[in-house]
Amino acid sequence: MSIVEDIERRRQVDVTAIERELTELWKAAAAAKDGDTGDAVTRVCLLNLLVFITDEARFGEVSEVVAKVTESAPCRAIIMYGNLTEPRPETQAWIASHCHLDDRMRQVCCEEIRVAASGTAVQYLARTVAPLIAPDLPVFLWWQDLKTLREKYFHDFLHEVDRIIIDSRGLTHRDAIAAQLARFVLESRHRAAFSDLNWTRLTRWRDLAAGLFDAPDLTHYLQELTRVTITYAKDDEASGVPMQALLLAGFFAAQLGWTLKDAHEINPHQAELRFRARRRRVVLTIEPRAGTQLPQKQLVEVVLEADRAEPASFSVTCRPSDGTDWLYTTAVKITEGAHYHTTIGLPPLTDARLMSREVEIFGRSKPYERALRMALEIINELEIDAQLD
Amino acid sequence: MSGLTSPKLGLCIPSGKNSSNNQRVTSAPELARTLAACKRIIVVAAAFTAATTGSTEHTMANDLNPLRDEARVERTPAPCTVVIFGASGDLAKRKLVPALFNLARERRLPGGFSIVGYSRSAMSDDDLRALMRDAVSTFSSSGPPTAAEWESFAAGMFYCQGGYDDVAAYEQLKARLAAIDTERGTSGNRIFYLSTPPSLIGPIMDTLGASGLAQSPPGGWTRIIIEKPLGYDLKTAQELNAHVSRIFDEDQVYRIDHYRAKETVQNIVAMRFANGIFEPVWNRRYIDHVQITAAEAVGVEGRGGYYEGSGAVRDMLQNHLLQLLALVGMEPPTSLDANAIRDEAIKVARAIRPIAPDAVDAHAVRGQYTAGWVGGKAVPGYREEEGVRPTSTTETYAAIKFEIDNWRWAGVPFYLRSGKRMTKRAAEIAVQFRQPPMRLFTTTEADLHEPNLLVMKIQPDEGLTLRLAAKLPGHAIHLRSVNMDFRYGTSFGVRSSEAYERLLLDCMFGDATLFTRRDMVETGWALMMPILEHWAASGEQNLHFYEAGTWGPEAANQLMGDGRAWRRL
């Protein structure tokens, strides 16, 4: 499966005639395939995926992501480019198709519509795109520009979509926008649910960490943890604790019912957080590690320790392998008991892989919102700490 | 600061036949620890809330592990050891270990998960690991393992050699399992997988019982998985079940029916009970008849000796096709609990009208393939296959018409058919609806207008098709049947779990929904016995021969009657 190809070159069309042009495109595709092999193409659509970009150069990159997403989630993709620097109001559109062969070697095709707007036309993007949304199917909006979340043209989309996907990957606690973004998501009262690709990147970590405590005789350690260390790949340039690590810290704290007592920066890349849990304290450290060969800000290791009656250590570690996968090792060490580890290889978390996962999910994620709320609390506390210093 | 705002109350049903006392558990760690000592836990209420912001209010989801509090984080079962009897055999190499490896790769297995292979062959742990590495490299549907993946998976793989009735060898197995429990934290949780010929099931179970391995150890659970054939007839099936129940509780026993684990088969329940549009028409008022087909293009594939003692009814209809009938015909279950679904399935199976010995020929047709062409190649007839008697009367094709005596299905025939060396490989359930009460459209012979049909395809293309009538474009009104198609492979471009992956994981979770219960096995046999006995007494008299590569004997078409016909797949 998954041989992706364009069955027709991308072509520019009149914005008002996109549906008609799409019908023609599919007729032509079907006719071409009938002539070549006798096999008709199958046009499939399970959802609408809208993507907003503000960098025209990203059209191609996003298109590739969309093509990969369609392999597991056939969709109508609408990629919108808002040219905020060009004052002349104009809207242009192109259509193309993404096809791949399914496991029975049949052509499965989805359509991609590109819309480029400039000047005041950007303000009306939602109105331009709304008629193009395939009816009765879920609508996902991947908004790639975090700086424009307060703009009206973004808000106009909130009535049209079911789920808004953002990505806080590049942010650290020192970026003012990190706290703004968290507040915006948490305070949103719209029907649309928010989702963060950075949270989706954590799914593996949450999954593997949870797996360490699934055994009934290990679950009680979750109520006995006293130290947690989250390590991330060091970013040489930016300073600050990455949002991904903050979200994981927030997740542990929120799910395990810890209350934040204080937080301080040990240095610009490292923070120590102190929580109160029932009848004990928990110290959570977020620290960088250099030379991991993993992408910057990517988590490298999580260690959860209990040092009470029966000391125990639980860890999840990620490292690159000789092949294309990343190797994740989970380990359990009970001082007086079991001692074992498991390693699995998983493919790197590309945007395409994350988006494919993301469009499987509808509705709000309570754990994400709880983790984000706690992350915001941590950011605020770190800010106060920095001001006191 | 977080605290308990509602008491946690657990009802623990301790393991063992004679246990009946319930315990009240009052804290999370206590409840977690108690879980280890319980066979089943019904958590009545378990809620943690945070007293401060209200933001951290949540429930202790997924068996008390709050880190599992979201659907996208997959649950894993408690650590356990799978003991494979017949570890050097084909099934272990082709299906079981590759399925377990795929589960490990997909993060569905717990840390500390272990495998113990057991067979008569002399082998070391490392020999077994090398054997299984080759097997996984060849048969894993997710591709060969990397060095690191295999090192981690193989670290939990061990081997024990011994006879299947050798108590001393089982004592060694027991000691090995205890050591694994300590080293790998498997807590005494064990699955015994009997991947052996049927003749060894009895000796293995007896020796497991004699060595004390059949009992769930303190704090752990013991389950046993048995492969088909589950008996040769009603008497032997009852004997087998009685044998099993002398050693194991019924809830320890998992009888594999890999058909049930197929995606479309599971989807039957979802389609029927998650969509409001079907239930109102799912009855005798709207449905004309149901056809259930499992056709194979292959012959006996060198297993003529085995097939001689089996035949199409024992191999397919008594178990797989009857299960499908039950899923299509059952009433809505009260929950998705294993026994709730199986209770409804057995009710409909029991409502099937038994076929009287003198009515067998009117309700059942058997056939045997002769030489022919399949897939562009000449193939031999059944009697020319290796291991088959030249005078064999074993049926390679069987078609049966059943009627269900209940309010929903009275008067709606269910046709079941299965055969080898048929035109192509296909398995499906076709629900044919009645014609509209009034023929509003005058159709001509040129119109291909057939009644509505809902087809649930099981293989090779899993999916659903609904046939509707539509008007052909043009001035005149001509109708044509058109299909609305849903294909799993196309709509969901993700790999479905292999049946064995799903079944092994379900067994680890203690979910028996997709496994066959004792009463279903015996009911299936009871329905088939008059047919099998009649055919056994008839010699060649009602054995219809069909050419390999066709859809079976002509006599099967006469079975349908009333203007109905088998579907051309």
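Biologist: How do the residues of the lining of the second largest cavity divide by type?

Modeller: This is a predicted model. Its second largest cavity has 7 nonpolar, 7 polar and 3 charged residues in the lining.

Biologist: Which elements supply at least two residues each to the lining of the largest cavity?

Modeller: Look at both chains. Chain A brings α7 (203-211), β16 (326-334) and β17 (339-346), while chain B brings α3 (90-105) and α5 (147-154). The most comes from β17(A), with 4 residues. By type, the lining of the largest cavity has 15 nonpolar, 8 polar and 7 charged residues.

Biologist: Now the open kind. What is the volume of the second largest pocket, and how do its lining residues divide?

Modeller: The volume of the second largest pocket is about 670 Å³. Its lining counts 13 charged residues, 9 nonpolar and 8 polar. There are 30 lining residues, and those nearest the centre are B:Leu453, B:Arg467, B:Arg567, B:Arg568 and B:Leu569. Strands of chain B come next: β12 (287-295), β18 (426-433), β19 (453-459), β20 (463-471) and β21 (479-487) each supply at least two residues of this lining.

Biologist: On to helix packing. At what angle do α8 and α10 of chain A pack?

Modeller: Read the angle together with the distance between axes. Helix α8 (residues 243-256) of chain A meets helix α10 (residues 366-388) of chain A at about 110°, and their axes are 7 Å apart. Angles of 65 to 115 degrees count as roughly perpendicular, so α8(A) is roughly perpendicular to α10(A). The crossing of α8(A) past α10(A) is right-handed.

Biologist: Which residues make the contact?

Modeller: From α8(A), they include A:Met243, A:Leu246, A:Leu247 and A:Phe251. From α10(A), they include A:Tyr368, A:Arg370, A:Leu372 and A:Ile378. In this contact of α8(A) with α10(A), 15 residues are nonpolar, 2 polar and 1 charged.

Biologist: Last topic, the backbone. Is the peptide bond from B:Lys228 to B:Pro229 cis or trans?

Modeller: Check omega. It is near 5° for the bond from B:Lys228 to B:Pro229, which is cis. B:Pro229 sits in the loop between β10 (222-226) and α8 (234-247) of chain B. Another cis peptide bond runs between B:Gln459 and B:Pro460, with omega about 5°. The loop between β19 and β20 of chain B holds B:Pro460.

Biologist: And phi? What is its value at A:Asp136?

Modeller: Phi of A:Asp136 is near 60°, a positive value in a residue other than glycine. Find A:Asp136 in the loop between α3 (125-129) and β7 (139-143) of chain A.

How values were computed. Residues are numbered from 1 along each chain as its sequence is written. Chains are lettered from A and ligands numbered from 1 in the order in which they are written. This is a predicted model: local features need pLDDT of at least 70, side-chain atom pairs count only at pLDDT 80 or more; totals for chains, interfaces and linings use all residues. Side-chain values use heavy atoms; hydrogens and water are left out. Axes are lines fitted to C-alpha atoms, for helices over the stretch in contact, and angles run from 0 to 180 degrees between N-to-C directions. Angles under 35 degrees count as roughly parallel, over 145 as roughly antiparallel, 65 to 115 as roughly perpendicular and the rest as oblique. A crossing is left-handed if the near helix is turned anticlockwise from the far one by less than a right angle, and right-handed if clockwise. Contact means heavy atoms within 4.5 Å. Ala, Val, Leu, Ile, Met, Phe, Trp, Tyr, Cys and Pro count as nonpolar, Asp, Glu, Lys and Arg as charged, and the others, Gly among them, as polar. On a 1 Å grid over the protein atoms alone, a cavity is a set of points where a 1.4 Å probe fits but cannot get out, and a pocket is an open set with protein on both sides within 12 Å along at least five of seven lines; lining residues have an atom within 4 Å of a point. Grid points are joined across faces, edges and corners, and a volume is the space filled by probe spheres set on the points.
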